[in-house]
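Thanks for coming, everyone. I have a few minutes and one structure to walk through.

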Amino acid sequence: MSDTSLISLPPAAEAELVRRLQARDESAMTLFYERYSSALYGVIFRIVKAEDEAEDVLQEALVKIWHAFASYDPGKGRLFTWVLNICRNLSIDKIRSRQHRVGSRTQGLDDSLTAQRQAAPTTFRPEHIGLQEITQKLIPEQRLIIDLLYFEGFTQSEVAEELNIPLGTVKTRARTAIKVLSKLIR
Amino acid sequence: MENIQQYIESGILEQYALGELSSAEQAAVDNNAASHPEIQEELQQVQAALGFYAEAHAITPPAGMRERVLGNVLAQIAKPASTLRADVDAVAQASTASNQPTHVATQPVAAASGEAVVRPMATAPATQPASRSVWAMAASVALIMSLAANALFYSRWVEASDEVVALQSSQARFAATQNVVQKQLGALREDNQVLRSDEFRAVALAGTKTSPSARAKVLYNATTRKVYVDVRSLPALPAGKQYQLWALDNGKPVDAGVLLASTATGEGIQQMKDIASAQAFAMTVEPMGGSVNPTLSTMTVVGTI
């Protein structure tokens, strides 16, 4: 298994970063950026699929993380999980407001998937952490479902409707895919 | 909870981690996780797995983004600006508030001096407060002026530091643009050298029967074997196809490489594969990546040296 803690900090370093952020130490934001920006930018970019918008969302997310930091509870989960959720939510809000402007939401699937393939930027680092390994271990159906849920902001019922498969199947595939990912970490 | 395993397998933890649940449903999951370690552990595994998936998609942000984003974020969260701003607001309020008392203070003075004319007996006690209030008035005026000046200087300072941040970010952007321009200029210079070199022989390629209006030019240096292609106009390609250049040496076609989409639309000249010897050049339409042998029926342009 490849090294999975390139971006997630070791617990002691994460606790120190959390302490500095709780103490409202602005210089900790620079460290935060160094450690998390590529992971957060990667997720935001996959969701909004445009470099300039991704940059705006990342900036908005960092300001939000700073101001909302008091609501982060280390007892409930890792810092990375918390900040990822903030970034995903802001990005999904962004594409929803865009889709709302354009119109129907279902028409977006084919477009957005092709856009996602075309938009793969040159600086993408597949060697970074086992993306290839993930691609090998997840069967295409599982990967499609995870991508729709994670990067397209679909709910499980929307995925079922979109792919025209029973909701139960979506749930099972999503769970199996997540199990596969968990195994890769260990 | 009756059946923890069933709860875990219901898929609700995945929905929680993916942000699909309403805040009430989220709170219910939080409660269940807090009171059942198995649920807590499963939930953390799901979150870690998704975090891992996210990390696997990490992208190095584009050049120059760090300065812009971090600069803007630090400027927005900067503590001195917000607390000092609050101080300025407080000062502004205090100075409007202290204005009223001074005006009020002037009236008793006028009243006192007015009374002094009518009742000379009362002058002694009346003049002393009057002179004290003159000093107080002068001091208040000085204080107000100083506070106003402070507020003015402070707001100019804030504006100036905002401007510095804005300038820094536009400077970073400018530097990035300049890099790109520099690169493009370098490429153009190289192209120009090729075009002006006497050692290069220009070979005009004219359209064939299928595409009479097609025009292109090959620049060929027989000594260094370098080949460049310069497109004037070529028909648009069907999807999945690419133009391929061939050198004809004693009637035998030799692959000289495929044209980039930008070359085919005439955006710039492109260096092709080195060719040892040729008497003519021709272009055909081939599947992406080119073919080993030319598809003669698709020959678009041809020209002899």
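Start with strands β1 (residues 201-207) and β2 (residues 215-221) of chain B. Six bridges join them, and they run antiparallel. For a landmark, find B:A204: it stands opposite B:K217 in β2(B). Keep in mind that this is a predicted model.

Now β1(B) again. It also pairs with strand β8 (residues 301-304) of chain B, in the antiparallel sense, over two bridges. Here B:G207 stands opposite B:V301 in β8(B).

Step over to strands β4 (residues 241-249) and β7 (residues 280-287) of chain B. Eight bridges join this antiparallel pair. Among the partners, B:Q242 is bridged to B:E286 in β7(B).

So what do these pairs belong to? An open sheet of eight strands in chain B, with antiparallel pairing. Its order is β5-β4-β7-β8-β1-β2-β3-β6. Which strands stand at the edges? They are β5 (252-258) and β6 (270-271) of chain B. Each has a single partner strand, so one side of each is left without a neighbour in the sheet.

On to chain A. How many helices and strands does chain A have? Nine helices and zero strands. Along the sequence, then, the pattern is α-α-α-α-α-α-α-α-α. Chain A has 186 residues, and 34% of them count as buried. Take contacts in chain A between residues at least 6 apart in sequence: 65% of these join residues at least 24 apart.

First, α1, residues 11-22 of chain A. This helix has 12 residues and reaches 16 Å from its first C-alpha to its last, close to the 16 Å expected at 1.5 Å a residue. After α1(A) comes A:R24, with a positive phi, near 60°.

Then α9, residues 167-185 of chain A. Helix α9(A) has 19 residues and spans 27 Å from first C-alpha to last, close to the 27 Å expected. Which residues of α9(A) are buried? A:V170, A:K171, A:R173, A:A174, A:A177, A:I178, A:L181 and A:L184. A reminder on helices: an α-helix has 3.6 residues a turn, so residues three or four places apart point the same way. And what covers the buried residues of α9(A)? The cover includes α6 (131-137), α7 (140-151) and α8 (156-163) of chain A, together with α2 and α4 of chain B.

That brings both chains into view. Their contact takes 52 residues from chain A and 36 residues from chain B. On the chain B side, the elements giving two or more residues are α2 (12-17), α4 (37-56) and α5 (65-77) of chain B. α4(B) gives the most, with 13 residues. By type, the chain B side divides into 20 nonpolar, 11 polar and five charged residues.

Last, confidence. Chain A has a mean pLDDT of 80, and 77% of its residues reach 70 or more. Where in chain A is confidence lowest, and where highest? Lowest in helix α5 (residues 108-118) of chain A, at a mean of 44; highest in helix α3 (residues 51-67) of chain A, at 94. Residues 103-128 of chain A have pLDDT below 50, and the model gives this stretch 20 contacts beyond near neighbours in sequence. Residues 1-6 of chain A stay under 50 too, with 10 contacts beyond four places in sequence. Where pLDDT is low, the predicted coordinates should not be read in detail.

Technical notes: Residues numbered from 1 in each chain as written. Chains lettered and ligands numbered in written order. Predicted model: local features only at pLDDT ≥ 70, side-chain atom pairs only at ≥ 80, totals over all residues. Contact = placed C-beta atoms within 7 Å. Helix = DSSP H or I, 4+ residues; strand = E, 2+ residues; numbered from the N terminus. Nonpolar A, V, L, I, M, F, W, Y, C, P; charged D, E, K, R; others polar. Expected span 1.5 Å × (residues − 1). Buried ≥ 20, exposed ≤ 12 C-beta atoms within 10 Å, placed from the backbone. Pairing = 2+ DSSP bridges. pLDDT = per-residue confidence, 0-100.
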